[in-house]
Amino acid sequence: MVDTKPLLPASNSDGSYLTGSRVNSLKPIKVYLTIFCGLLAVGLFAALLIGNYWSDNARIHGSLASSTSKRTHPLRPVSRGPAQGVSEKTSGIWAGVSRGPAQGVSEKTNRVRAGVPWNILPEPWNSTMLEWQRTAFHFQPEKNWMNGPLFYNGWYHFFYQYNPNGAVWGDIVWGHAVSKDLINWFHLPLAMVADQWYDKNGVWTGSATILPDGKIVMLYTGSTTEAVQVQNLAFPANHSDPFLIDWVKYHGNPVLVPPPGIYKKDFRDPTTAWLTSEGKWRITIGSKRDKTGISLVYDTKDFINYEMLEGELHAVSGTGMWECVDFFPVSKTEEKGLDTSINGPEVKHVVKVSLDDDRHDYYALGTYHEKNGSWIPDLPEIDVGIGIRYDYGIFYASKTFYDQNKNRRVLWGWIGEGDSEAADMEKGWASLQSIPRTILFDNKTGTNLLQWPVEEIESLRLNGTEFEKVEVKAGSVAPLDVGPGSQLDIIAEFEIDKEALKKATGSNITFSCQTGGGAAKSGALGPFGILVLADGSLSEQTPVYFYIAKDSDGDLKTFFCTDLSRSSKAPDVDKQIFGSYVPVLKDENLYLRVLVDHSIVESFAQGGRTVITSRIYPTEAINGASRVFLFNNATETCVTASVKIWQMDSAFIRPYSDDDDKDDDDRKSSAP
């Protein structure tokens with residue numbers, strides 16, 4: 001039966017709603033402290049018993065470790081648990097709280113590295129090394145995955161997923177944080193909890209839409225008591241509250257269920273809605289048919305009743321389940337972001353999907369046809385899921401939103417771990433968010449987006465050091481004296497000897513970052529770049545570099561790579577080589593930007609045409625021992641580098657308290 005009630009119920013004069021199910025309330029801090037202290041005491045008692053158990057076993061059965069080595073720390077496996085939806089991302093732990101993988105989200109692939117079991121913390125880890133990994137200016141929520149960012153009434157809101165009740169996966173709810181500048185954050189009470197039959201197995205991915213009258217609606221995927229993925233409607237209980245503390249779930253949920261022919265666990269992640277020329281709101285939802293990834297399209301006038309359009313927004317054979325679909329316009333003529341509803345001849349549309357099969361985010365540019373709700377890629381050979389990625393490192397389940405405050409589109413991605421579950425459990429947390437990035441159309445290439453850290457990150461810059469025209473000869477390394485290398489913003493430009501480019505011998509061998517031997521493998525025109533998180537002896541180092549390949553016809557092709565193969569002496573961390581081709585236009589020098597924040601390195605080439613995010617876990621190149629170098633491992637060219645490096649302050653991220661002034665726009669000035 002069709003629900004005839006209006007989209008949003010009537011409200012009191014103060015803006016609070018008269019009907020609906022209140023999904024959270026502020027609880028006294030003492031209650032939380034009591035619960036926390038009780039859980040802490042239980043945890044300490046359990047740890048004591050486990051410690052005695054292992055100590056007794058060591059006395060009875062002996063030890064495999066030598067008398068001069070520290071004993072490894074056996075840890076009881078924590079189930080990652082079966083679940084549904086992209087929202088139960090790969091492992092994450094914070095304050096002893098674990099989360100599990102989704103259906104289709106594999107448990108950590110690095111459970112055994114160099115013969116080390118996944119639940120054993122090997123040498124040489126110690127508390128100092130693990131504590132260093134916690135980042136200083138990346139958002140790390142109390143749980144490790146986000147939903148529906150938006151700007152509302154002077155505040156940026158960020159919703160993420162959180163398990164408040166235990167050390168195993170389960171009870172997934174929405175955490176909530178707010179910021180004035182996307183860098184410094186306050187944690188708020190939970191936004192939504194899994195308390196209804198239609199989301200009892202989890203409050204999953206969602207997207208916010210701001211209506212013309214300023215009201216907000218939130219569509220989100222819930223996993224029902226029968227593990228069916230359905231779409232639900234929620235809205236703020238009080239739109240006059242800039243913090244949007246309380247949320248109400250629509251009493252008629254779910255508003256959408258899987259259509260015929262779609263499996264019950266393959267229907268998730270509704271997008272932000274956009275307006276059609278007929279005044280209807282339109283959304284798209286990720287799914288699949290067999291191995292074809294698809295994006296279903298629905299129209300609605302009230303966010304309660306929906307009409308499914310024939311066909312799909314888009315479909316690509318062989319790409320599997322599409323998660324976290326994003327759809328938005330970019331301007332071909334102006335360097336600014338666009339509201340999701342904008343369309344016209346000066347606009348291209350982006351379709352982005354997160355592929356459940358390979359855990360990467362892909363995008364493509366194309367043309368949107370409003371009449372039938374379809375989108376056609378400009379270049380089918382680089383279609384969604386088979387072409388360009390947002391990021392060629394660790395970056396998944398991303399989401400953009402239109403920031404009407406600064407007329408920009410902002411991208412945020414979830415960054416998983418590359419270490420072992422044992423290390424995560426020992427340090428007590430896992431995963432974080434990327435630095436928010438602006439997105440623009442690259443009108444020089446016509447095929448790429450440009451991603452760049454939001455300008456607010458520059459407010460954390462401290463003292464800067466500049467190095468002009470440093471000549472780095474073939475096969476050499478040049479130290480850059482900038483002090484500790486754990487929190488840095490690096491901008492570098494490289495000039496190549498043009499005569500060397502002409503003289504270099506071409507080859508018919510196809511180069512790739514992954515198979516090219518890393519930064520240690522010399523070529524005629526590369527690799528060259530920056531070494532970050534390196535110790536003085538270079539026994540640990542993470543090269544971020546360019547490699548120029550010349551084919552047998554004399555054509556040049558440039559690659560941008562990050563090599564983790566020597567990033568750590570630890571045996572239980574991921575040591576891949578990331579990277580891809582980066583378009584370089586005629587007369588462009590090569591330039592990069594690298595943000596180093598302890599265990600995360602975000603690297604941007606050519607203004608953000610190609611981006612790589614890496615997780616780094618050094619054992620020696622930490623704190624004051626972490627340094628920066630220029631290097632050139634090419635054999636036939638000299639490189640001239642101009643570099644500027646800033647030390648970076650820490651962001652201000654903590655729970656909100658009643659002592660904080662909600663209207664203080666200058667709060668960030670009090671950051672430590």
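Mentor: Strands are DSSP runs of at least two residues, numbered from the N terminus. The model here is predicted.

Trainee: Where is Asp587 found?

Mentor: Asp587 is in the loop between strand E35 (577-581) and strand E36 (590-597).

Trainee: Why is Asp587 called exposed?

Mentor: Exposed means over 50% relative accessible area. Asp587 has 72% relative accessibility, so Asp587 counts as exposed.

Trainee: What is the phi of Asp587?

Mentor: The phi of Asp587 is positive, about 70°, although Asp587 is not a glycine.

Trainee: Why is His598 called buried?

Mentor: The cut-off for buried is under 20% relative accessible area. His598 has 11%, and is therefore buried.

Trainee: Where is His598 found, and what is its phi?

Mentor: His598 is found in the loop between E36 and strand E37 (600-605). His598 is not a glycine, yet has a positive phi of about 55°.

Trainee: Now the peptide bonds. Is the bond from Glu123 to Pro124 cis or trans, and what is its omega?

Mentor: That bond, from Glu123 to Pro124, is cis, with omega near 5°. Pro124 lies in the loop between strand E5 (120-121) and helix H2 (127-132).

Trainee: Which omega goes with the peptide bond from Asn253 to Pro254?

Mentor: Omega is near 0° for the bond from Asn253 to Pro254, which is cis. Pro254 has its place in the loop between strand E13 (247-249) and strand E14 (274-275).

Key. Residues numbered from 1 in each chain as written. Predicted model: local features only at pLDDT ≥ 70, side-chain atom pairs only at ≥ 80, totals over all residues. Heavy atoms only, no water. Helix = DSSP H or I, 4+ residues; strand = E, 2+ residues; numbered from the N terminus. Buried < 20%, exposed > 50% of the residue type's maximum accessible area, 1.4 Å probe, protein only.
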